[in-house]
Amino acid sequence: MSAATADERLAPVSVVRRLLGRPELGAVVGAAAVFVFFSFAADSFLRASSLSTVLYSASTIGIMAVPVALLMIGGEFDLSAGVMVTSSALISSMFSYQMTANVWVGVAVSLAVTLALGFFNGFMLTRTKLPSFIITLGTFLMLTGLNLGFTKLISGSVSTKTIADMEGFPSAKALFASQWTVGGVTLKVTILWWFALVALATWILLRTRAGNWIFAVGGASDAARAVGVPVVKTRIGLYMGVALCAWISGQHILFSFDVVQSGEGVGNEFLYIIAAVIGGCLMTGGYGSAIGSAVGAFIFGMTSNGIVYAQWNPDWFKFFLGAMLLLATLLNHWVRKRAEATT
């Protein structure tokens, strides 16, 4: 018997087998179905301007869904991700306004503080051994209170003062909130941020040692630790990745609208998790992809805007979102079982 015959790893793998092994397969099928459905249900859905709006909505969720997906692959959650976005915007705005400094100083301070919040989540998780649900729920509640309390204390209201006339604002706006027109269609810079983050996260997961660590920590942390995987550093790094993307999203909100409402962001953490789950991430960790999270965010963008274009009652949006979550989870479970059966 030849070595090629004896080793199953050298046997050719069929296209169907490779597709079934992709975690985002179910999300791609679901996205195609949603796209076709709204193409018939809403006449304006296929217009270029409508698709640009869908992409923008998807990008605002997708920027955060990428690191949340990596965190879920690593077996953890972050319930503070939504309010952390608002916190980063508030810090930039209030620091710049109160210190009458260049807005880039506020942006830099915000980056440092937001990364520290991510480090805090990861550090507390690894030191206390408490579930990430409890740790990040505590952070969520604290940030919610701090956002409102400090904003009212410093600004005297629930929103920040405008910083549109401050030095550095135009250049910061160009980086975080610019837009350009292509063929009469307006596209936002968040779409580029989203695509870049998806590409970077995919490269990390599939082409680097850190990607192997993330899958190993999410699949079996004790076994990963036994073979030398730096479990603590990996988890802290994942939480800091969520914080970095929260900073990017927060700066986009600030430089898009000049002011920030302190109560924004509450509940958005569930949208990020939903996008990741629809994209193929397992709640138990060790399985998923960044591309899948992007497809999940795209489904969110199509649904939220498709309902408007179809002139339906937007109150039904949460129903469709919940239904898609259940269907996507069932489909992903079925696809994974089929993939395991063919190996």
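These questions and answers walk through one predicted model.

Student: What ground rules apply to the numbering and the model?
Tutor: Residues are numbered from 1 along each chain as its sequence is written, and side-chain values use heavy atoms, with hydrogens and water left out. In this predicted model, local features need pLDDT of at least 70, and side-chain atom pairs count only at pLDDT 80 or more, while totals for chains, interfaces and linings use all residues.

Student: Is Ile154 buried, partly exposed or exposed?
Tutor: Ile154 sits in helix α7. Buried means under 20% relative accessible area, exposed over 50%, partly exposed in between (1.4 Å probe, protein chains only). The relative accessible area of Ile154 is 37%, so Ile154 is partly exposed.

Student: Which residues does Met94 contact beyond its neighbours within four places in sequence?
Tutor: Met94 lies in helix α5 (residues 81–99). Met94 counts as buried because its relative accessibility is 11%. Contact means heavy atoms within 4.5 Å. Leaving aside neighbours within four places in sequence, the partners of Met94 are Phe150, Thr151, Ile154, Ser155 and Thr160.

Student: What separates the C-alpha atoms of Met94 and Lys161?
Tutor: Along the chain, Met94 and Lys161 are 67 residues apart. Their C-alpha atoms are separated by 7.6 Å.

Student: Where does Lys129 lie, and what is its phi?
Tutor: Lys129 is in the loop between α6 (103–128) and α7. Lys129 is exposed, at 62% relative accessible area. Lys129 is not a glycine, yet its phi is positive, about 65 degrees.

Student: What is the phi of Asp258?
Tutor: Asp258 lies in the loop between α12 (231–257) and α13 (268–278). With a relative accessible area of 23%, Asp258 is partly exposed. Asp258 is not a glycine either, and its positive phi is about 70 degrees.

Student: Which residues touch the most other members of the largest nonpolar core?
Tutor: A nonpolar core is a set of buried Ala, Val, Leu, Ile, Met, Phe, Trp, Tyr and Cys residues joined through side-chain atoms within 4.5 Å. The largest one has 79 residues, and the most other members are touched by Met64, Phe255 and Ile299. Its largest share, 13 residues, comes from helix α4 (residues 48–73).

Student: How far apart are the end C-alpha atoms of helix α9?
Tutor: The expected span is 1.5 Å times one less than the number of residues. Helix α9 (residues 189–207) has 19 residues, so it should span 27 Å. The end C-alpha atoms agree, at 27 Å apart.

Student: Which residues does Thr234 touch, not counting those up to four places away in sequence?
Tutor: Thr234 is in helix α12. Thr234 is buried, with a relative accessible area of 8%. The residues touched are Trp213, Ile214, Val217 and Val229.

Definitions and conventions: Helices (H or I, at least four residues) and strands (E, at least two) are DSSP runs, numbered from the N terminus.
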